[in-house]
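This report covers a predicted model. It takes the interface first, then a sheet.

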Amino acid sequence: MKNIIKKRIIKIVVFILIIFNLLSYVNKILKPKYPDGIYSLNKFYEQKKNTIDVLVLGSSHAFESINTGMLWDEYGIASYDLGGAMQPIWNTYYYLKEALKYQKPKLIILEGFGLSFNLEYGDEQVMLKNTIGFKNSKEKNENIKISVPENRWEDYFIENLLYHTRYKELDRDDFYFNKNYRYYDNWKGFGYNFKTEKFERPPVEIVKDDKELNKKNEKYYRAILRLAKDKNIPIIVILAPYSYIDEDIQGRYNKSSTIAKEYDVPFIDGNKISKNIGIDYATDMADALHLNHRGNEKFTKYIGDYIKENYNIPYRKGDTDYISWERNARYIEREFNNQKIRESEDINEIINLTKDDYYDLYVSIDGNANTDDKEIKNICKILGIKENNAKGIWYIRNAKTIWYSGKNASKKGYFNIVDDITLDRHKIDRGKAEIEDGYDYYENDVIINKNKENKAKNGLNIVIYDNITETLVGSIALDKAEKYDFSR
Amino acid sequence: MQFNSINFMIFLPIVMIVYFLIPRKLRSIWLLIASYFFYMSWNPKYAMLIIISTLATYWSAIFIRKCDELSLGDKKKKIILISCIILNLLILVIFKYTNFLIDILNGFTNIFHITLIERKVDILLPVGISFYTFQALGYIIDVYKKNVRCEKNFIKYALFVSFFPQLVAGPIERSKNLLNKIRDIEFINIYNYEKVKSGFILILWGLFMKMVIADRVAILVDNIYNNFNMSGGTELIIATLGFALQIYCDFNSYSTIAIGSARIFGFDLMENFNTPYFALSIRDFWRRWHISLSSWFKDYLYIPLGGSKVGIIRKYINIMIVFILSGLWHGADMTFVIWGGLHGAYQVVADALKEKREYVINKLKINTSCFSWKLIRIMLTFTLVTFAWIFFRAENMDEATSIIFRIILKPNPWILFNDGIYGLGLDNIEMNILLFSIFILLIVDIIKYKKHENIDSFIMRQNMYFEWGFIIFLILMIFIYGEYGLNFDPKQFIYFQF
C-alpha cells in the first residue's frame, strides 16, 4: 500500500514539474520582447554585477540619443541606456530602484522627456512595456500598482492574460530569445535611428516662466533625485534636443530645471544649447521627437565632454571584464558605416567602404551588359573582377573573388549564415534573335531569404551583405538602358 | 464565479483540500458553506431566494411525511404539495417571466391601441434559478409519491439544493441519486486516486470545449448574428451551424466540469449529454441533449399528463405542452416558445407520418441497416435541430424571421469558394485552430458513440505516455489558445440566465 502511495506522489510531483516547466517555456516564447523597455531591462540583468559606470534612464529620448559605442570609444566609459517607450517618470523611478540592486553606477543620467507628460497613467503599450520586463520582486509589484489603474491589476499581475494571444505574431526573436543574433549579444541599450526628416529649431528661449508639473510626475521626479542623493551617486538631468515642443511643455522643463537646482543637480536643456552642441534640426532629426545617428553623435560628444570635465568616471578600455563594451562599440561603428554606405551616392566611395573581410559583395552582370562596357570597366576593376567580356555572378570579398559563375556555365551556390543566400546562374530559354543583341542565354539570381536582390535586368548589380551585423546592407542596380546611372 | 476563471481555479483546490482534511462529520457543512460562497459570489442577494425555495420544500416534505405517519388523509397532503409547487413556480415566474408576461399583456391590449404597462420591471434574475427550482420540486414530488425518504437533516437537504458543481447550470439531479448520496457523505471513500484524477481530466476537457471551441466560434456567431441584416444567406447558415457548435460545447462543457468537480468530492452526477448531434431522430435527440431536463419533464409532467397512454390526439397535445414549456424554461421570450414548439411539432409530425414513411422506404427498397441510412438520418436530424437553433439565438421573433428570409432569398455561396469564410470574424489562424479543435472533439465524441465510454475513462485506460500526453496537450491548448485575458471577457456561459 505504502509503495503505491509513494509511486503516486512521485507521479504527481513529476507531472506538476513537467507542466510547470512546459508552461514557463511557452510563456517565455509568448512574452513580448520589445527592446524599448522589456528587453532593455532583460539585457540589463545579464550585465556583470557592478560594471556599469554611467546609467542612462528615461524614455526613447534617452536610448536614442546617448551612443554607448561613442562613450566607450572616445572616453572609455562603460554606459548603459536603460529606457522604455514613452516612459513615465514613475516607471523611471522603479527602473532606477531595480537597477541599483544590481549595479553601482558612478553617474546617473536622467533624460527628462517624461517630465513633460500630463497623464495619470500611460496608455496600454506604455504600461506593458514599462512593467513586465521586471523580474518578480517587490519593486515590480509596486511599479505595477503605480503604473496601472486598479481595475487592470489582475491582468498585469497574471501577465499571461495580457499577451498569450501573441501566438499569432510569433517571430524568430521569440523562439531564439535574442541570443546569438544581431546586436543583442553585446547590447547596451542604445537604439539608433537612421531616418532623416527636416525640422526647425523650437524657439525655447521665449518661454521664460515655469509651469507646474503634473503632481504624480513631480512626486517621482523628486523621489529619483532624492534616491540618487541617498545612495551618494551624482545625477544629472538632460533633455535631448527635439522639435515638437509647445509653451506648456517648455514651461514644465523650466520648472524641472528649477527643481533640479533645489537638489544641486545639473540640468542640461539640449534645445537651449543646441548651437553649442552643433545640432542642425534639418539634418540631425529622425522625426519630430528623436535625434538620428548624426544628431546623437553630436549630442553624445557634448555629454561625453561634459562628463569628462565634471566627473571622475573610470577609463575602462583595455580591461578584459569590459570586453562586451568593446564589441558593442565595434558593432555600432559597423552599423553606422552601413548607414554611410546606404546614404552614399558615389559608387567608388561605396566600394571603398566595403573593402574588408566581412563585407560580402554579390555582383551580377545581367542581360546584355558586359564587363567590357566602358561605363563599368573601371568599377569592375576596382571590385577585383578579372574576367574580360564576361557576364555572370561574382561573390567578392575584399576585392578577391571567392565564387564565380559566368560565361556558359550553370552553377548554383548556397551560402548560409544567419540569412540564406543563393547565387544561381541558370540557363533560360531565349529566342534566337536575341543572341545577336548580346543578350545572355543565362539568368543570374542573387537571392537572399527568398527575395531576388539583383534588380537591374540589363546591367550591373551589386548586392552588399555585412557579416558582422548579419544584415543585407543594400543593393545597387546600374541599368545599362539608363547609361549605368546610379540607382537603388 | 465562472468555471473558466482564475477565481474558480483557486476556489476548487482550496475547497477540495479542506474537504480531504476535515473530519467526516463536517463534510456536508463545509460543502454547504462552499456552495453558498460560490453562489453569492455572483450576487449576495441571490441567497435569499434559494433559501426560501429550500425551506419551503424542506418543510413541505416534513409535513407530507407527518400526514402519512398520522394518516391524516390525502387531501391535506395534496394541498401542501400544490401550495409548495405553486410557491416555487411563482417565485420562478415573478423573477424570470415578469417582463415577458408584461410583453404578452401589452401585445393583447395594443390591438386596441392601449399600452397597459409602460415600463419594464427592473428585477433581479438570479443565476441558476430554473435549475435549483426544478431540482427542489422534483424532491417534493418524489416525497409525495413515496419514491424517496423525506430528509430531516436540513444541512444535507440544503446541500442537495445548492451543491455548487451543478447549481448554476445542471445536470438537474434527482433526490434518488444525489440526495441519497449526500445522506451517506460521511461514509464515502473520498480518497480515491482514480476518481479524483478522472474528475480533473473531465474538468480539463470541459475547459477545452468552453475556452478553445465555444468561446472562439462565438466570435463568428456574434459577428454575423449581431449584424444579420448585412449578412448573406450562406453566412447566416454558417453562423447558425457555428451556434449549434457553440451551444453544444458551452453547455456540455458546463455539465462536464460539473460532473468532474462533483466526482472529486466523491459524487457521481448523472450524464447530461450523450453525443446529441449523432441522434437518429428528434426523439432520439432529446434522449441525448440536456438529458437531466428532458427526463425531468418526462417524469414530472409528461407521464402525469398521461404520456402516450391516452390516445393519439391527447399524446400529441401532451408532447406539444411539454416541449413548449421546455422552450419557455430556457428563456422568457416568444422565440423560446417557438423553438420548443418546433421540437414538439417535429416529433408529432414524425410520429404521424410513421406509417407513410415506412411505406415509402419499402417501396423504394431502401436499405435501413447500413451506414448510409444512419448517416442520412443523422444529417436530417442535425438539419432540423440547427434550423430550430435560429429561434434560440435570435433576439426576438422579428429577427428570427428576417434571418430565415435572408437565408432563403439572399444566398451567397461564393464565400465558400473565395476566402470569404475568413472574413466572418475569425481569420485564417483562428479558423485553423477552431477546425483542429473540432477535429479533436469529433474524435472524442466518436469514441463515446462507438465505445460508450467517456474521455476520462478512455484516456486512463491507455499507457501512461498517452495519458500524460493528452492531458499536457489539453493544458497547452487552453493555456495558449483559450479565449481569456486581454481583448475579450471570459464569455458568459449561455445557460446562466436560467
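The contact draws 24 residues from chain A and 22 residues from chain B. About 2100 Å² is buried between the two chains, and carbon and sulfur atoms give 74% of that area. On the chain A side, A:Phe15, A:His164 and A:Tyr167 lose the most area to chain B. Together they account for 26% of what that side buries.

The rule finds two salt bridges between chain A and chain B. One joins A:Lys168 to B:Asp427, with the closest N and O atoms 3.5 Å apart. Eight residue pairs are in polar contact across the interface.

Three helices of chain A, α1 (2-30), α8 (153-157) and α9 (160-163), each supply at least two residues of the side that touches chain B. The largest share, 12 residues, comes from α1(A). By residue class, the side of chain A that touches chain B divides as follows.

| Class | Residues on the chain A side |
|---|---|
| Nonpolar | 13 residues |
| Polar | four residues |

Chain A holds an open sheet of five strands in the order β2-β1-β3-β4-β5, with parallel pairing.

Five bridges join β1 (residues 54-58) of chain A to β2(A), and the two run parallel. A:Leu55 has A:Tyr80 in β2(A) as its bridge partner. Helix α11 (residues 215-230) of chain A lies across β3 (107-111), β4 (235-239) and β5 of chain A. This helix runs at about 145° to β4(A).

Key:
Residues are numbered from 1 along each chain as its sequence is written. Chains are lettered from A and ligands numbered from 1 in the order in which they are written. This is a predicted model: local features need pLDDT of at least 70, side-chain atom pairs count only at pLDDT 80 or more; totals for chains, interfaces and linings use all residues. Side-chain values use heavy atoms; hydrogens and water are left out. Contact means heavy atoms within 4.5 Å. Buried area is the accessible area (1.4 Å probe) that two parts lose on being put together, summed over both. A salt bridge is a side-chain nitrogen of Lys or Arg within 4 Å of a carboxyl oxygen of Asp or Glu. A polar contact is a pair of N or O atoms within 3.5 Å; within protein, one must be able to donate a hydrogen and the other to accept it, and residues adjacent in sequence count only if both atoms are side-chain atoms. Helices (H or I, at least four residues) and strands (E, at least two) are DSSP runs, numbered from the N terminus. Ala, Val, Leu, Ile, Met, Phe, Trp, Tyr, Cys and Pro count as nonpolar, Asp, Glu, Lys and Arg as charged, and the others, Gly among them, as polar. Two strands pair if DSSP finds at least two bridges between them. Axes are lines fitted to C-alpha atoms, for helices over the stretch in contact, and angles run from 0 to 180 degrees between N-to-C directions.
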